[in-house]
Amino acid sequence: MAQAQTAEHTALANGFSLLIDGAAVTGTGERLDVVNPATGEVFAHCQGASRAELDRAVAAARRAFPAWSARSFEDRTLFVKRMADILRANAGPLAELLTREQGKPLSQARDEINRAASQSEGMTQIPIRNELITDDAERRIELRYVPLGVAGIITPWNAPINLAAGPLTSALYTGNTVVLKPSPYTPLCTLRIGELIRDVFPPGVVNVLAGGDALGQWMTEHPGIDKISFTGSVATGKKVMASAAGTLKRITLELGGNDAAIVLEDVDPKVVAPKLFFAGFVNSGQVCMAVKRIYAHEKIYDALCAALAEEARKWVVGDGLDPATKLGPIQNRMQYDKVMDLLEDTRRQGARFLAGGDRPARPGYFMNPTLVTDVDENSRIVREEQFGPIVPVLKFTDVEDAIRRANDTRYGLSGSVWSNDIERATAIAAKLEVGTAWVNQHRTTAANVPFGGAKESGMGRVYSELGLKSYMEPRVVSVMKRL
Ligand code: NAD
């Protein structure tokens, strides 16, 4: 076993390189050891980028910008389409690598890759048109949209492929060139994609650098980068904003959430429970827009608790490579310790466990799916973003009180309302202080629909015309027709 792991480790270590100016480069920065969260063992490593390699990547992206931005949208769409085809053609091995480094079950890894491909293609269907503001005998005033230049993209570890593909496509389709950095916990899939698309794009258009948090900070400070697309935690998002201020970079921040689902008294708990459970526990709850708090009307509260607990028993916990697995490990040790700490705090508060509260006896960062109730509204499990497989179920009597509690948070990513009375549910959803309020669904996004956070869940939007235009500068061309 140890020997097999060593052989695999060596093979993988040789297989990953950075992409700078169209060339595969072995980084000379910090070495990143990549842990398989299902075993807790290092299974591969790669070399991160040094500051000089970042400078080279930025210089290459700047050189590539004039020719790339001069191409038409139609032309750039063809490149994105080729990238999407490559993602689909390599979905098998990429999904396996994603499961190894990230932990999610293989079927969810495949979904992530297919989603990355289809959302990328979807975004290139969105036309970006210049707008004619005035055109009369005297004046013609036009609003044009021009690409910003070099986009720096920084991604987290929970969905490294999908969260890279969105900003990557947005930047490229709108005429920008890119320097992309994945999380040090999950660098491999992103580096592999860099290798796969190396010959697709002209040199310098896409550069991929692995590296730790310091590399991210260098990117946010770098005078050669015009925009930062950051997906990650609120705390780091604030640092990115402060650091980007030095050069007044444009920024898009996609940060954390503490999404509430409000379940009204008219639903059948057995119908709603599987949907809510999936939205709370897919990818072991490590989803920015996961259901993180469930508010259930007192009339259906007991039945919903029972139906959710029943669902928890169906979710097989294990290594994501095993096809029977529905719930993989927590992605890394730091996050595992954080979730365990929350679990212990919740236990100390006297919570009632509807399901879970323990971990399977095996190595790796596993935890059984856990549902808790009888918790105080001010407890950490309600106030904080857990980002793990533990969700509180809270009771309400008056829906206005549920809305107030749902909104009583610094987060504002998304939320949902569940009911057979669509009109009432829609009116309630519209009162949620969030970027996306769903009715009878949660976690649904599309290439043509803006997504992003209100309050401290972020700044700006991804996807949609709104998201694409955040990679462009509006430029007014105002013409007086006579001298
Ligand atoms: P994180 O903030 O720790 O790290 C994210 C990325 O930022 C990594 O690549 C990291 O190396 C880099 N980084 C760290 N310090 C930096 C700095 N000072 N300057 C620049 N870059 C720096 O986040 P994480 O733990 O990897 O991800 C989990 C968080 O991401 C959760 O809060 C989750 O809700 C959020 N998230 C949000 C969305 C969304 O779309 N809103 C999507 C997925 C995840």
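**View 1. Pro147 sits across from Met472 of β20.** We're looking at a predicted model, where local features need pLDDT of at least 70, side-chain atom pairs count only at pLDDT 80 or more, and totals for chains, interfaces and linings use all residues. Residue numbers start from 1 along each chain as its sequence is written, and side-chain values use heavy atoms, with hydrogens and water left out. Strand β6 covers residues 139-147 and runs antiparallel to β20, with nine bridges between them. Strands here are DSSP runs (E, at least two residues), numbered from the N terminus, and two of them pair if DSSP finds at least two bridges between them.

**View 2. Zooming out, β5-β6-β20 is the order of an open, antiparallel sheet of three strands.** The edges belong to β5 (131-135) and β20 (472-480); each has a single partner strand, so one side of each has no neighbour in the sheet. From one strand to the next, the twist averages 20° (axes are lines fitted to C-alpha atoms, and angles run from 0 to 180 degrees between N-to-C directions).

**View 3. Cys46 and Cys189 don't make a disulfide, and the structure holds zero of them.** A disulfide would take a pair of cysteine sulfur atoms within 2.5 Å. For Cys46, the closest cysteine sulfur is in Cys189, 11 Å away, which is too far for a bond.

**View 4. Both cysteines are tucked away: Cys46 is buried, and so is Cys189.** Relative accessible area is 1% for Cys46 and 0% for Cys189; buried means under 20% (1.4 Å probe, protein chains only).

Note on methods: Helix = DSSP H or I, 4+ residues; strand = E, 2+ residues; numbered from the N terminus. Buried < 20%, exposed > 50% of the residue type's maximum accessible area, 1.4 Å probe, protein only.
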